[in-house]
Amino acid sequence: MSKQITVPFGPQHPVLPEPLHLDLVLEDEKVVDVIPTIGYVHRGLEKLVEKREYTEYVYIAERICGICSFIHSQAYVQGIEQIMGLEIPERAQFLRTIWSEYSRLHSHLLWLGCFADSMGFESLFMNSWRLREHILDDLESTTGGRVIQGACKVGGVRRDITPEKLDEMVKGLKTLEGELRDLTDVFLNDRSIQHRLKGVGVLSKEDAYYFGAVGPTARGSGVAIDIRETGYAAFGKINFKPVVEQGGDCYARCAVRAKEMFTSLDIIEQCIRKIPDGPVDMKVTGAPDGEYFSRAEQPRGEVIHYIKGNGKKNLVRHRVRTPTFTNIPPLVTLLKGCQLADVPVIVLSIDPCIGCAER
Amino acid sequence: MEPQVILPISVGDVISKAEQAKRDGNRLVQIGCTKIDDTFEIIYVYEKDYQLTSYRITVKQDDEIPSISGVYWGAFVYENEIHDLYGIHVTGMNVDFKGTFYKTTIKHPFSVTITKEDNPCQNK
């Protein structure tokens with residue numbers, strides 16, 4: 001047996017947008033064990049339910065993450081509405097669905113850019129982020145915010161989208177679709193990318209399922225878990241199929257995200273075609289008394305907001321289980337047995353969002 | 001939205017319920033802790049085909065709870081979190097960070113409640 005050495009990876013590393021530390025135990029260049037450490041950006045946001053009224057807390061919930069902020073606020077208000085037995089207007093449900101798919105698009109484009117950068121494809125990185133600007137512009141013009149949308153509230157949404165703007169969005173997305181096809185064509189078919197990703201960081205279907213993988217990390221290994229299939233918001237009225245790949249490697253996870261963008265475009269178009277007229281919010285009185293696990297599908301996978309109230313203005317508990325948090329054990333499995341040079345690509349392939357994970 | 005039921009179980013049943021859940025083909029969704037007065041509620045959530053199965057145990061801070069990381073390997077992240085934020089001892093974890101999973105200024109910050117006086121809701 002070769003002599004073992006431990007190489008620290010992160011919390012600051014060129015490919016890591018957020019602080020994750022890994023102690024990599026190596027034999028020669030092969031990783032034989034991994035010890036993950038987080039805790040660098042733990043903010044204790046969940047504790048703020050004790051200081052902020054449940055209606056105000058929406059602003060904190062959506063600041064858990066700067067990428068999937070909208071879906072955090074959506075999952076939070078959904079849980080409150082479920083406990084309080086609120087049937088919010090259908091138009092609000094459709095608007096939430098549209099904005100959540102926009103969030104998925106911008107997150108996947110951001111990730112594709114970072115992933116290309118981790119492989120040294122600077123131009124691909126810049127093209128991914130150039131296309132992302134279109135999505136951010138639409139989010140800004142419809143919600144008022146590029147990063148933090150502030151559009152969700154208990155009982156509905158704060159803004160409506162005019163029919164003219166909805167038509168304009170469809171046209172814009174049609175143009176974008178062509179450019180996305182060109183972009184994803186490179187990610188899926190370029191020979192050097194395939195060489196870099198195929199067979200690297202393989203997670204078996206069974207490990208993905210039982211070690212807790214969610215989102216593209218699970219679906220890349222053939223585990224068809226997509227919480228949108230439970231029909232929350234307007235997803236129950238939309239036809240779509242989760243993208244599932246069988247390879248289990250970095251390429252499969254990349255392919256899931258690349259193909260999911262077209263599913264998102266289709267969902268948005270269906271929503272715009274089916275969105276009913278009517279109000280976008282309702283009056284809410286009282287406070288939640290009960291508990292609920294509110295689930296939603298973020299770009300990185302299933303997020304859970306556990307909400308427990310006792311009928312008073314402050315919640316008893318708000319606990320968020322983010323997709324990255326549950327994707328950490330599968331990441332450890334992915335890294336065992338890989339080469340040191342593959343570690344950055346494998347780590348990025350689960351799309352880690354540590355700020356989100358630590359809350 | 002699916003109806004949700006959380007079944008109360010004893011601490012001694014935690015591992016057997018985890019084993020049963022795995023035998024039935026469930027995945028571990030999450031383990032979470034909530035402080036209620038002087039006690040702590042810990043909820044184990046499993047899922048199969050989008051149907052949640054949840055179990056609740058109620059413990060005191062000095063109590064020890066068994067780790068289910070021998071059944072669900074990935075449970076160590078939740079169990080270390082519960083230890084670091086609430087100070088509850090979890091025995092038999094496969095990866096034990098010994099209190100360094102989260103680096104907090106205050107030890108076990110979630111073991112105290114800081115709710116201020118109970119004014120009425122804004123939307124009463």
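Ile82(B), in this predicted model, is in contact with Ile31(B), Cys33(B), Ile42(B), Ile88(B) and Val90(B), leaving aside neighbours within four places in sequence; contact here requires C-beta atoms, placed from the backbone, within 7 Å. Local features need pLDDT of at least 70 and side-chain atom pairs pLDDT 80 or more, whereas totals for chains, interfaces and linings use all residues. Residues are numbered from 1 along each chain as its sequence is written, with chains lettered from A in the order in which they are written.

Ile82(B) also belongs to the largest nonpolar core, which has 139 residues. Such a core is a set of buried Ala, Val, Leu, Ile, Met, Phe, Trp, Tyr and Cys residues joined through C-beta atoms within 7 Å, buried residues being those with 20 or more other C-beta atoms within 10 Å of their own. Among the residues with the most contacts inside this core are Leu95(A), Val343(A), Ile42(B) and Tyr44(B). Helix α3 (residues 90-118) of chain A gives the most to this core, 12 residues; helices are DSSP runs of H or I with at least four residues, and strands are runs of E with at least two.

Turning to the interface, 34 residues of chain B are in contact with 36 of chain A. Strand β2 (residues 27-36) of chain B supplies the largest share of the chain B side, 7 residues.

Within chain A, the axes of helix α2 (residues 69-84) and α3(A) come within 8 Å and cross at roughly 145 degrees, with axes fitted to C-alpha atoms over the stretch in contact and angles running from 0 to 180 degrees between N-to-C directions. Phe70(A), Ile71(A) and Gln74(A) of α2(A) make the contact with Arg96(A), Trp99(A), Ser100(A) and Ser103(A) of α3(A).

Key: Buried ≥ 20, exposed ≤ 12 C-beta atoms within 10 Å, placed from the backbone. Contact = placed C-beta atoms within 7 Å.
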